[in-house]
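Reader: I am new to reading protein structures, and I would like to learn how the terms are applied. Could you show me the structure and let me ask about it?

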Amino acid sequence: MIAKNNDFLSSASQSLYESNADDIIRQKCRAREEYCKVERAAQKFGDENKALKQELDEKNSVIAEKDSVIAEKDSVIAEKEAEIAELKKQLAQTQK
């Protein structure tokens, strides 16, 4: 109200408004830059996380295949041990 009647106060209030408007715009720009930076970091983290999960899945698959091979070999070993025990038993009977 006072500024409407006084040109000097009107000019000063206009200058303050423009000065503050520039600060508000700068704050908005900084906030946007920060938001974009956080989004890029989150995207990068998500991409890295996805790659690590895929690598982990591949390694788990390899481990599962190796476990299967080991199980087969354990089975063969058990059969051979049973054959050896049977042959030892037969050998012991023939030596009597």
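Reader: Why is Cys29 called partly exposed?

Author: Buried means under 20% relative accessible area, exposed means over 50%, and partly exposed is what lies in between, using a 1.4 Å probe and protein chains only. Cys29 has 41% relative accessibility, so Cys29 counts as partly exposed. Cys36, at a relative accessible area of 25%, is therefore partly exposed too. A word on where this comes from: this is a predicted model, in which local features need pLDDT of at least 70 and side-chain atom pairs count only at pLDDT 80 or more, while totals for chains, interfaces and linings use all residues. Residues are numbered from 1 along each chain as its sequence is written, and side-chain values use heavy atoms, leaving out hydrogens and water.

Reader: What makes Glu55 and Lys59 a salt bridge?

Author: The term asks for a side-chain nitrogen of Lys or Arg within 4 Å of a carboxyl oxygen of Asp or Glu. Between Glu55 and Lys59 the N to O distance is 3.2 Å, and their side chains meet in a salt bridge. The two are 4 residues apart in helix α2, which means a separation of about one helical turn. Glu55 has a relative accessible area of 36%, so Glu55 is partly exposed, and Lys59, at 48%, counts as partly exposed as well.

Reader: How many salt bridges are there by this rule?

Author: The count comes to 2. Lys37 forms a salt bridge with Glu34, where the closest N and O atoms are 4.0 Å apart. Both Lys37 and Glu34 lie in helix α2 (residues 7–95), 3 residues apart, about one turn of the helix. Glu34 counts as partly exposed because its relative accessibility is 43%.

Reader: Why is Leu16 called exposed?

Author: Its relative accessible area is 56%, so Leu16 lands in the exposed class. Leu16 also sits in helix α2. The C-alpha atoms of Leu16 and Ile77, 61 residues apart along the chain, are separated by 90 Å.

Reader: How many helices and strands does the chain have, and what makes a run count as one?

Author: Helices (H or I, at least four residues) and strands (E, at least two) are DSSP runs, numbered from the N terminus. The chain has 2 helices and 0 strands.

Reader: How do you know how the chain compares with a compact globule?

Author: The radius of gyration is taken over C-alpha atoms, and the globule rule is 2.2 Å times the number of residues to the power 0.38. A compact globule of 96 residues would come out near 12 Å, but the chain has 40 Å. Along the principal axes, the C-alpha atoms fill a box of roughly 130 × 15 × 15 Å. As for burial, 0% of the 96 residues count as buried.
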